[in-house]
Amino acid sequence: MDPVLLNDWHPVARSTQIAAGAMLAADLLETRVLLWRDASGALHAWEDRCPHRGTRLSMGTLQDDTVRCPYHGWRFGSDGRCQHIPALPDAPLKAQVSVYHAQERYGLAWVCLGTPAHATPPAFPEFADSALRKVWCGPYEVHSSAPRIVENFLDMAHFAFVHEGILGDRQQPVIPAYTVDAFDDPDYGSGVWARQCRAFQPQASKAATSGSDIDYTYRVVRPLTAILTKHPAGSIREAIALLLQPLTEVTTRVWIVMALNDFDASDDALRAFQDTIFLQDKPILESQHPARLPLTPGAEVSVACDRMSLAYRSYLKQQDLHYGVLR
């Protein structure tokens, strides 16, 4: 297991999916995860595996803040320790379910399978801006590595071809020079960002009624988290967070959280617009070979407008990431 991702936070579900007294099965980094909420509302994350014979505990029952395995009825308390074995009620109770760290932020449940290298999930300060509404999109299932998906999110040169008529125009495909720097900020976190990015877009957002030049800022704040901000002409502001749940090295669940000041369109309409964009990207991502992102210099040909992509690859090397990449 890659320690970089093992010790980081990853989104695994919408908070609203897990009601008090309810359980939910999830997957993360080739590990089965059980999410459950106790009567007080606190979120718990365990390995979704009974230590007796490996059955998924999420198939069992949750009652009085204890989880009962569906196979032999073993019962586990909120600390993960076995409290009762029906077949041998006087047996020593040594069994213990693996317990993980869990938090809730940005309307999502986050899990760390190891020892958290960061106290909290990635910084997304736009979420706290009361002037911006919040819309959750996805999740989208993609047969691609998480780093490939982040790199696609950071790429502007594909707009004119993959998103023609919406985010790009084949008659205006040129990407002007932009700046890329490392950053460390108390509000925005640390990582790499691209600024002074500009592209012509026929329809930059659901609210757009005509084409315009759009100013972008991209920032990578964790190996599998990227945020872009759009500044179209007019009053619409938009921040889009790409938050990835790596299922395996080459399969990923994608969560998107938008913070924007469009209060006219419905949530469904805004989600439908984002669905259109992402589902145009999906077949491209799933066609890329190799599925894992190559970090070896020269493995793929790059040009000047790939500056942010190259900065992201360098960042992953600096972080010593191995999962989902080729080194």
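Modeller: Start with one pair. Arg 222 makes a salt bridge with Asp 8, and their closest N and O atoms are 2.8 Å apart. Keep in mind that this is a predicted model. Across the interface of domain 1 and domain 2, the rule finds 1 salt bridge. Polar contacts come next: 5 residue pairs across the interface of domain 1 and domain 2, both residues at pLDDT 80 or more.

Which elements supply the domain 1 side? Those giving two or more residues to the side that touches domain 2 are α1 (3–6), β1 (10–14), β2 (23–28) and β10 (108–112). β1 gives the most, with 5 residues. By class, the residues on this side of domain 1 divide into 11 nonpolar, 3 polar and 4 charged.

Now the bounds. The domain assignment puts domain 1 at 3–112 and domain 2 at 125–319. The contact draws 18 residues from domain 1 and 15 residues from domain 2. The C-alpha centres of domain 1 and domain 2 are 33 Å apart.

How much area goes into the interface? The size of an interface is often given as the accessible area lost when the parts come together. Here domain 1 and domain 2 bury about 1,400 Å² between them, with 65% of that on carbon and sulfur atoms. In domain 1, the residues that lose the most area to domain 2 are Pro 11, Arg 14 and Tyr 106. Together they account for 32% of what that side buries.

An unreviewed UniProt entry carries "domain: Rieske" over residues 9–111. The end C-alpha atoms of that span lie 5 Å apart. The span is 44% strand and 0% helix.

Some backbone details deserve a look as well. Most residues other than glycine have a negative phi, and most peptide bonds are trans. Glu 30 has a positive phi, near 60°. Glu 30 sits in the loop between β2 and β3 (31–37). Two cis peptide bonds can be inspected too. One joins Gly 138 and Pro 139, with omega about 5°. Pro 139 belongs to strand β11 (residues 133–142). The other runs from His 289 to Pro 290, with omega near 0°. Pro 290 is in the loop between α4 (267–287) and β18 (293–294).

Conventions. Residues numbered from 1 in each chain as written. Predicted model: local features only at pLDDT ≥ 70, side-chain atom pairs only at ≥ 80, totals over all residues. Heavy atoms only, no water. UniProt positions renumbered as here; feature names shortened; annotations may be inferred. Helix = DSSP H or I, 4+ residues; strand = E, 2+ residues; numbered from the N terminus. Domains from an automatic or database assignment. Contact = heavy atoms within 4.5 Å. Buried area = accessible area lost by both parts, 1.4 Å probe. Salt bridge = Lys/Arg side-chain N within 4 Å of Asp/Glu carboxyl O. Polar contact = N/O pair within 3.5 Å; in protein donor to acceptor, adjacent residues only side chain to side chain. Nonpolar A, V, L, I, M, F, W, Y, C, P; charged D, E, K, R; others polar.
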